[in-house]
Amino acid sequence: MSDYIYTFQKGFNYSQDGPGNRLVYHLSGCNLFCPWCSNPEGLKRTENSKKYTIQEISNEITSCRMMFFENGGVTFTGGEVSLQADAVSELCKMLKNENISTCIETNASLKDTAKLIDIVDYMIADFKSPDKKTLKSVTGADIEIIKENLLKRASTQKYLLIRIPLINNFNTSYENARAFAEFFKELTEKSKSDNIFIEILTYHEYGKDKYEKENLSYTFKDGFVSNEQVAILKNELEKNNLKIIKT
Amino acid sequence: MYEFNAKNLTALANDLFKEEREINNLTGWFIIKETESKFEEEYKNYSPMKKAALKFREAIKVLPLSISDNAVFAGTQRDAFARSYALINPTFKVETFAGYCDPTAVYDDITVTDEFTKERIESLREIDKKTPYVKELTEVYNSCENLTGEVAFFIEQVTGHLIPDMRAILKYGIKKLIKDIDEKLSECSDDKKENYEAMKISLETTVLLAERYKKLAEEKAEISDGDKKERFTLIADTLGKVPFEPAESLYEAIQSYIILWQTMCLEQAPNPFAFSVGNADRIFEPYREISGFDRDTTAALLKHFLVFFNVGDRSWAISQNLIVSGRDKDGNDLTNDTTYALLDAYYDMNLPQPILSVKLHKNTPDKLYQELGRFLFTPGCLTPSLFNDDSLYEVLSVSGVDIDDIADTSIAGCQEPLIMGKDNANTTNSWFNLGKILELTLNDGVSTVTGKKICDLPEGNTDALTLLKTVRERFYKNAEYFCEEMVKAANGASRAISNLPVPFLSTVMGGIETGYDVRDIKNQGTKYNGSGCLIHGTSVVADSFTAIDKLLAERPQDAERLLNALKNNFQGDEELREFLLSAPKFGNNNETADNEAVEITNKIADMVRNQKNYLGNNFRPDFSTPSTHLLYGYWVGALPCGRKSRDMLNYGVDPLYGEAQNGLGFRTLSLMKLPFRKMCGGYASHFGIDPKYFVASSYEDKGIEFKNKVMKPLFFNELNKNVSPFYLYVNVTTAEILRKVLAEPKKYAPSGVYIMRIHGTFVNFLDLSPAIQQDIITRLDPQSTAIC
């Protein structure tokens with residue numbers, strides 16, 4: 001296990017990365033390459049990454065306790081948090097003792113994600129496409145692992161928010177909508193709780209300017225979605241009594 | 001009968017403002033002073049207060065008046081101001097600014113013409129130089145020249161900077177106040193007699209001013225027809241009634257208020273800066289209700305009220321403040337329909353003055369945040385100063401204000417909390433420069449900027465290592481010395497200004513109750529009284545102490561080297577500077593650095609608070625630096641925190657720009673540790689926020705997002721057990737946007753007005769000098785306010 005946690009950004013946000021006011025750490029390195037990624041600076045662990053010992057980061061988080069109002073706490077996102085699953089799992093145990101709420105935001109596409117599933121209080125996971133082939137070819141992710149991780153989380157009955165980045169030319173077909181709904185239904189049944197939530201995030205290009213700085217080119221085109229495209233997915237989810245929220 | 005039509009009223013308000021912006025020579029103040037000086041001899045046997053009232057009446061009799069074709073109300077502040085406020089002058093330079101020490105320098109601010117000849121101007125200047133006020137003040141400045149030259153401290157006589165309570169006059173009319181004075185006159189002691197007579201004369205002078213305008217309006221009505229005739233007839237009829245009689249409609253209340261305000265400012269010509277209206281929405285709401293006006297009509301009338309506060313080509317009546325919303329003592333929200341109408345008026349007009357302040361509290365309705373969203377997120381639009389009313393209740397009650405008075409808290413000038421009509425705080429009386437004091441402490445009283453010996457310090461020379469090891473002790477002892485010298489001089493300035501009594505102002509500041517002038521130095525004329533001290537440089541001194549500790553712990557052998565490096569502004573020793581810069585800095589939620597800032601703030605606040613003013617009342621610690629972080633920083637040498645000579649000091653209680661690098665949340669955590677409870681004089685803090693962090697699509701939703709991401713953590717954090725911060729101003733923009741505005745003003749500010757904030761006031765960014773424009777850009781300090 002690594003003794004260190006590597007991050008490329010930190011800061012506070014309110015209610016958009018788990019409940020209440022949260023300290024959000026972006027962990028360096030990602031196993032996928034999604035062409036619309038808004039944090040391309042975090043794709044690789046670089047010399048610019050900040051290196052914390054687990055104790056150091058725990059101390060920093062604890063010293064921010066006053067900012068965790070309205071059931072806030074700490075959220076680990078990325079990059080991909082599961083790439084540092086052992087260290088994060090250790091850290092989350094320490095934070096639990098400090099009574100600090102923990103949350104991860106993950107693509108759930110690594111087997112190591114499972115190491116965090118039982119520990120964290122809140123889990124936010126991307127589910128980018130229900131189509132195995134498209135998912136693999138566009139992002140590199142393996143749908144089976146994602147499904148396995150999400151089902152595992154559902155079975156803990158703890159909070160799980162699934163985010164769908166809705167992107168034209170990627171996941172906006174009727175078939176996609178039906179398949180999304182079908183899998184989420186399965187998750188809800190598995191969970192036997194009210195703790196499964198879905199959020200639709202429409203395509204944006206907030207990270208586009210960063211690509212140049214990272215010597216990368218932004219290749220994705222024509223990703224913006226129409227209100228009609230959103231409505232298709234929304235209707236399908238609602239038809240299946242799935243809980244859609246907006247954070 | 002003139003009909004109030006929102007659209008027509010708005011068009012007139014816009015034309016009125018345009019007309020005002022074309023005026024570039026202000027001469028009314030000169031006529032007032034000249035007339036008053038002519039009558040000095042005639043009234044010389046009266047008491048100073050009565051003499052002042054009589055001379056002022058003579059001035060009002062002859063002051064040239066006019067009413068614009070676009071006016072809906074009569075009255076202007078134009079004749080009360082000189083063009084002497086340096087910071088909004090594009091030619092202003094930090095390097096040559098010497099403070100406002102010479103009260104006769106104002107005569108340079110008038111353009112020589114055939115009417116105002118050089119001889120006429122100089123002759124009045126010479127007369128003015130011989131007045132007791134100017135002579136005493138000059139003596140005070142001379143007595144502390146050594147210490148103010150490189151600004152270990154600065155002092156000034158305070159004009160303006162008060163919040164009158166006009167509500168009684170609006171409600172009962174001047175006639176009721178005159179009746180009250182007559183009653184007092186029949187029973188008061190001899191020493192108050194002439195004071196009451198003076199107040200009565202000044203109220204009659206107000207009526208005289210109204211009558212003169214009434215006559216002008218009648219003349220204009222005579223030569224006009226249609227709608228315009230009706231408008232001037234309305235003005236004339238109204239001035240036949242108010243302010244002598246009670247106001248019975250919104251229109252009458254505004255007209256009455258304008259005449260009262262004008263009188264108050266004319267009485268303090270040429271520099272009635274930073275008077276404030278107070279809780280404007282509460283003042284006017286009862287009259288709106290009687291008139292039954294809807295939001296649009298109310299807003300349209302209030303647009304004229306706002307235009308009134310803009311004087312000349314750069315809106316010279318700077319730092320006049322108007323506050324809305326807030327709570328009562330039980331925590332009930334006091335937002336009303338006039339609050340929202342005022343916001344509409346502000347947003348539509350987007351004027352450089354008056355400043356808008358908003359009191360928020362934990363029960364503030366979301367609707368108010370929604371309505372504020374447009375101000376925060378429209379580029380080039382004014383943004384309100386934000387106050388935490390819950391904290392103000394705590395801070396002011398600890399400082400001795402009666403709980404029943406606190407709902408009337410409003411803001412004088414930039415951010416100083418005062419009670420409407422009851423509080424004479426002499427807010428900008430003294431200015432304390434901790435950065436300079438540390439520099440002198442480390443160099444045996446010799447300036448490292450100029451090499452000049454400034455003074456012999458109580459804690460003078462010793463060897464370098466001992467000096468650094470005992471730096472805190474020495475610094476605080478020396479600070480005590482400077483503080484006492486500052487207070488002596490500041491009280492001297494207050495005594496000097498008492499030679500210019502203000503009988504009209506006294507009538508709206510509790511003078512009718514007490515029988516004394518607001519400025520009286522022997523008897524307290526207002527319920528609350530104090531003197532302000534603006535404290536500069538807490539963060540740079542705190543960071544310097546932390547850096548010195550690091551040096552002593554890791555390389556004590558470099559003690560001497562540090563002192564030499566400071567003398568040389570780190571020239572040739574960049575390595576040492578890098579080492580010092582690597583020490584923890586305030587603003588990052590670092591315990592060591594933050595504790596140091598807390599300790600300094602506590603100690604200096606106590607030191608200042610324990611000082612007594614001319615009436616024996618305490619000074620009020622005010623941790624704000626209205627552009628003086630630049631002006632005074634220019635006189636501070638290199639400091640152990642790594643800050644270079646002549647660079648700016650930290651702004652208000654904020655970290656020095658560039659030192660808080662962990663984003664808004666961490667900076668907020670550091671801020672929340674400071675002892676706001678002790679900051680009864682106020683404080684300043686600024687966040688430059690990048691709009692990209694706010695993703696909601698409408699202004700209303702962005703307003704809520706702003707509440708959640710910025711205001712809630714800072715002001716209304718349920719986990720903060722200390723007194724929460726109570727002031728913030730923001731600029732929601734980026735350096736890149738501002739550079740574009742400067743490069744292509746016609747494209748980004750077609751109206752010629754692009755409002756930004758510097759400290760508590762808003763300014764037209766395009767009117768500023770390059771140094772001040774650069775300061776705004778530098779202090780956006782994006783790393784310190786990043787949101788994840």
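Me: How many helices and strands does the secondary structure of chain B come to?
Reply: Bear in mind this is a predicted model, where local features need pLDDT of at least 70, side-chain atom pairs count only at pLDDT 80 or more, and totals for chains, interfaces and linings use all residues. Residues are numbered from 1 along each chain as its sequence is written, and chains are lettered from A and ligands numbered from 1 in the order in which they are written. Helices (H or I, at least four residues) and strands (E, at least two) are DSSP runs numbered from the N terminus. Chain B comes to 31 helices and 16 strands.

Me: What is the radius of gyration of chain B?
Reply: We take it over C-alpha atoms, and the globule rule is 2.2 Å times the number of residues to the power 0.38. For 788 residues that rule gives 28 Å, and chain B comes close to it, so it is as compact as a globular protein of that length. The radius of gyration of chain B is 26 Å.

Me: What share of the 788 residues of chain B count as buried?
Reply: Buried takes 20 or more other C-beta atoms within 10 Å of a residue's own, exposed is 12 or fewer, partly exposed is in between, and the C-beta atoms are placed from the backbone. In helix H31 (residues 770-778) of chain B, for instance, the buried ones are Ile772(B), Gln773(B), Asp775(B), Ile776(B) and Ile777(B). For chain B, the share is 57%.

Me: Which helix gives the largest share of the side of domain 1 of chain B that touches domain 2 of chain B?
Reply: Domain bounds come from an automatic or database domain assignment, which here gives domain 1 (320-421 + 662-672 + 682-788) and domain 2 (425-661). Counting two residues as in contact if their C-beta atoms, placed from the backbone, lie within 7 Å, the contact takes 31 residues from domain 1 of chain B and 29 residues from domain 2 of chain B. Strand E7 (416-419), H27 and H31 of chain B each supply at least two residues of the domain 1 side. The largest share, 5 residues, comes from H27(B).

Me: Which helix gives the most to the side of chain B that touches chain A?
Reply: That contact takes 18 residues from chain B and 15 residues from chain A. On the chain B side, helix H27 (664-672) and helix H28 (699-715) each supply at least two residues. With 4 residues, the one that gives the most is H27(B).
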